[in-house]
Amino acid sequence: MKLSSSQRMGGGSRSSIPLLLLLATLIFTALTTAIPNPQQQHRNNNARQTKLPRGDKYTLGLGKSDITGPVVEIGFMGYASTSQKGTGLRQRLYSRAFLVANPAAPAERIVYIIADIAAGDTAIRYAILKKLDALYPGVYTTHNFALVGTHSHAGPGAWMNYLLPTITTLGVDRQSFDAIVEGVVKSVQQAHEGAKDGYLYLGRGLVEDAGVNRSPYSYEHNPAEERAAYESVGGQTDKEMTVLVFEDAAGGLMGLLNWFPTHGTSLYNNNTLVAGDNKGYAALKMESILSNLYPSSKPITGFSQANMGDVSPNTLGPICQDTGLPCTYENSTCAGKAQMCHGRGPGFRVSDVESCRIIGDRQVDAAKRILEGILQRGEGRAVKGGTVVKGFHKFVQFGSEAGYVFKDLKGVERRTCKAALGFGFAAGTTDGPGFFDFTQNSPGTPSNPLWLLVRDLLRAPSPAQISCHKPKPILLSVGEMDAPYAWSPNIVDIQHLRVGPLIILISSGEATTMAGRRWRKAVLDSPILAQEAQQEELWSVLGGPGNTYSHYITTPEEYDVQRYEGASTLYGRHTLDAYIHATLASLHHLLPSAGLPAPSTDISPLPPIIAPEKSIALNTGVVYDNPGLGRAFGQVLTQPNETYSLPSTGVVVAVVVQATFVGANPRNNLRLNGDYVVIETRSAAAPAWARYRGDADYDVTFHWKRKDVVLGTSEVVARWDVGGEEAESVRSVNGAGAGAGREFRVRYFGDAKAPVTGKVSGFVGTSRAFRFV
C-alpha cells in the first residue's frame, strides 16, 4: 500500500581523508534525525499525515467485536436452502461500530453498525438497544442507532424476527441470536469508552469489476435519459465508493467506513463454512494492512453495502452450467428453467472461494487508493459545517388495509399494499437459482395453475391485494399471513443520519441500482436542504439492508418486469416512491437547527417483537460428546507432513497443510473473540511458540464432522491453504534461503459436553511441528 514513499540514502566511494568521512557522517546523522522516514511517520500515530486542512472537531469512537454464531448444524441465512447447514468456519464474523458525536452537545450523536450478517433485524435491534440503555441510559436510541448488514449469505441464520426467513433454519436459535446481540453491544461499548476528539474526511473513487447488474433487462426499462446521466459512475451499476476517514486529534488513523454496492453472494449456496463473504474478507484484509502501518492504533474498517439489490459479484455473468452457453437475457433460464443458470465469479476456474477473495481485494484496492489520496495528495474533503450530527427514525405502516397513501414527486396520489411476494421470487436469481418451473420476468397470470392452488392452501390473497400489486402475480401474500405469527413486516423503518455534509439513508430493503440513485437524488434535490446546498455541496449515501429486512426496493419500471427483484418488492409498484416520501417528510430533522426528536418507540405504529421468546425453535441442542473407545479429545488422528514445498511466486493453487483431531461439537463454546484453530510458529532466534494465523484468517479453515449421532463422536479437520499471497507471507516470515530454521504447528481448541452431567470442559489438540522448504 503506497501510503508513503521510502527514502534511500546513497553512499559515495570510500575516502582516505578522515575529515570528509567525519563530515559525511555528521550530515547523514543530521538528515536522518531531522527528517524522519515517512514510513516510520505512518507508524507514529502522533504524527499527522493528512494533507487536507482539518475541518470541525468531532468526538469519534470505533469498536469491533466477534458475532460468530454456531458454525455447525444451523442453516445459513440468505439463500433459503435447507441443505446449506454449517459444517465449520472459514472466517469469523464481526460487528464494527462507528460513533460520531458533537463534543459541544454530546446528546447529538450517531452510531453506525456494519455487521457481517445478512441484514438488520427488528428483534435484534430491539434487544441491542435494550442492553445499551441499561449500560448508558438515554444515550443510544432508535434515532441515533443504525444496524446494517453486509448481506453475507455465508453466516448462520435462525435469528430473524419474522417467520418467513426462519422457515428454512427451523425457526430461531437462541445461541445464534445472542451471539449477534452480545457482539454488537460490545463493539458499541468499545466505541463509547474509547471515544476521543478527532476529525473526519470524505473521499470518492471508482471500483472496477466488483459487480455486474444481474437484471439488466429490468434496468433497461428505466428511462433512457435517466440511465445516460449515470454512465460516468458505472452505468448499470454504481461503481463509486464513498469513504469516511476517522483521524484522532494527534493525527493517527482510527479507521474508515465506506459504502459500495455488491451482493454478498461470491460464495455459492453449496458453501457450508461460515464466512463474511467478500465484504467481511475485505474488512479484515484492510485492517491487516493498516494495522501493519499503524500498530498502536489498530484501525477498524467497515465495508458497508449500498444500493446492491440488482448487483452481483459474479462478474463473468450468468452461464448455463450444462452447455456453457449464455442464459436467456429476459428471464435467466436454460432450456426454459432457472436451475442451471448461474453467475460465475472472476475466479470460478479455481473456486468460488477465490472469486470471493478477488472481489474483496478489488474493494480493498479502491479503498486504499481513496485513503491514499486523502493522506498523500490532499484529495477529498474535510468534514466541516458546524459540527452537525443528526439522526432520525420512525416506523411507518406500509402494509395497512388502506395502505400508505401519499403523493409522489410528480404530485400523483399513490398507495402501498400489504406485503406480498410474486412468482418471480421463487425463481431465485443468477446468484442462487430457485426451484421447480418458476422463472423470473413473470408478470400477469402464472403459466402453471398448480402453484395457484398451493398458494391458496396457504393463504389466498384478497381481491384488493391482487389488484393493489398488479402486475405482480402473488405467490405468497405474506402481509396477510400471521399464523403462527407475522411472516413478513408490514411496518418498516425509516431512518436517516447526518454528519456534516454527509447524509446517510438507512434502507430496510435491498434497493436496486436505479432505486438507490432516485432516492439519494430526491434527498439532495429537496427544498428542505436547498439553502445549505447553496453554501456547501452535500453528499448522500445509502446503507442497507438495515434495522429490519423488507426484501427489495425497485423502481416502478423495474417492478413491471417482475424479475426476482420486482417480485420481491413487498409493498407494490410504488414501494420506492413511498420510501422517498416518508424520508422527505422527516428530512427537516437533519437540519443544523433541529432539536433532538422524541423517541420513535413512543409513537404508533410499532412492529411486533417476536424473536427470540415467541419464535418457533426446532433446532435441538448438543446432547453430549464422546471421544470414542481408546481415544481422547484433542488427540491427533492425522498429522501434517514434516515438510512442505512452498508454491512458486504467483501460483494461486495452494499447498494444503492438514491435521485431523478427535473433536467435540463447537456449539458447546462459540469462542467469541477467540479461535478454534491456530497456526503457531517459532524459530531458533525466538524459540517460544507464537500465534501466526487463526480463525479470522481466510486461508485457515475449521471443518467439523459428526461421526456417530448415537455415540456422540466427531472429528475436526484443521486446514491451512498456503498459496498466492499467503505463500509469499510465509516466504517472507521464513526469510532468505530455504527457511528451514522456522517451524510451524497446528493447534485445535475445543470444548466437550459430558453425558449425564452436561458439564462442558475445554481441551487442546496440538500437531507435530512442520517446516516449509
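# Strands, rings and disulfides

Student: In which sense do strand S26 and S28 pair?
Tutor: This is a predicted model, and in it strand S26 (residues 502-506) and S28 are joined over five bridges. Within this pairing, Leu505 has Leu542 in S28 as its bridge partner. The sense of the pairing is parallel.

Student: What is the order of the strands in the open sheet of four strands?
Tutor: The edge strands, each pairing on one side only, are S34 (690-693) and S38 (760-766). Strand S33 (residues 677-683) runs antiparallel to S34 and is joined to that strand by three bridges; Glu680 stands opposite Arg691 in S34. The pairing in this sheet is antiparallel, and the order is S34-S33-S37-S38.

Student: What angle does the direction of helix H16 make with that of S34?
Tutor: Within the sheet, neighbouring strands are turned by 35° against each other on average, direction ignored. Helix H16 (residues 725-734) packs on this sheet and touches both S34 and strand S37 (742-753). The angle between the directions of H16 and S34 is about 150°.

Student: Are the planes of Phe661 and Tyr748 stacked or tilted?
Tutor: Phe661 lies in strand S32 (residues 655-663) and Tyr748 in strand S37, 87 residues apart. Phe661 is buried because its relative accessible area is 0%, and Tyr748 counts as buried at 1%. Planes under 30 degrees apart would count as stacked. The ring centres are 5.5 Å apart and the planes stand at 45°, so the pair is tilted.

Student: Which residues do ring pairs link into a cluster?
Tutor: The structure holds 30 aromatic pairs. The cluster that ring pairs form consists of Phe398, Tyr404, Phe406, Trp519, Tyr571 and Tyr579.

Student: Is the disulfide of Cys320 and Cys334 left-handed or right-handed?
Tutor: The sulfur atoms of Cys320 and Cys334 are 2.1 Å apart. Cys320 lies in strand S15 (residues 317-320) and Cys334 in the loop between S15 and strand S16 (341-344), so the link ties together parts 14 residues apart in sequence. The torsion about the S-S bond of Cys320 and Cys334 is about -100°, so this disulfide is left-handed.

Student: What is the handedness of the link of Cys327 and Cys341?
Tutor: A disulfide joins Cys327 to Cys341, with an S to S distance of 2.2 Å. Cys327 lies in the loop between S15 and S16, and Cys341 in strand S16. With 115° about the S-S bond, the link of Cys327 and Cys341 is right-handed.

Student: How many residues apart are Cys417 and Cys468?
Tutor: Cys417 and Cys468 form a disulfide with sulfur atoms 2.0 Å apart. Cys417 is in the loop between strand S20 (413-415) and S21, while Cys468 is in helix H10 (residues 463-469).

Student: What pattern do the disulfides of the protein chain follow?
Tutor: A search of the whole structure finds three disulfides. With bonded cysteines counted along the chain, the pattern is 1-3, 2-4, 5-6.

Terms used. Residues are numbered from 1 along each chain as its sequence is written. This is a predicted model: local features need pLDDT of at least 70, side-chain atom pairs count only at pLDDT 80 or more; totals for chains, interfaces and linings use all residues. Side-chain values use heavy atoms; hydrogens and water are left out. Two strands pair if DSSP finds at least two bridges between them. Helices (H or I, at least four residues) and strands (E, at least two) are DSSP runs, numbered from the N terminus. Axes are lines fitted to C-alpha atoms, for helices over the stretch in contact, and angles run from 0 to 180 degrees between N-to-C directions. Contact means heavy atoms within 4.5 Å. Rings of Phe, Tyr and Trp (its six-membered ring) pair if their centres lie within 6.5 Å; planes under 30 degrees apart count as stacked, over 60 as edge-to-face and the rest as tilted. Buried means under 20% relative accessible area, exposed over 50%, partly exposed in between (1.4 Å probe, protein chains only). A disulfide is a pair of cysteine sulfur atoms within 2.5 Å.
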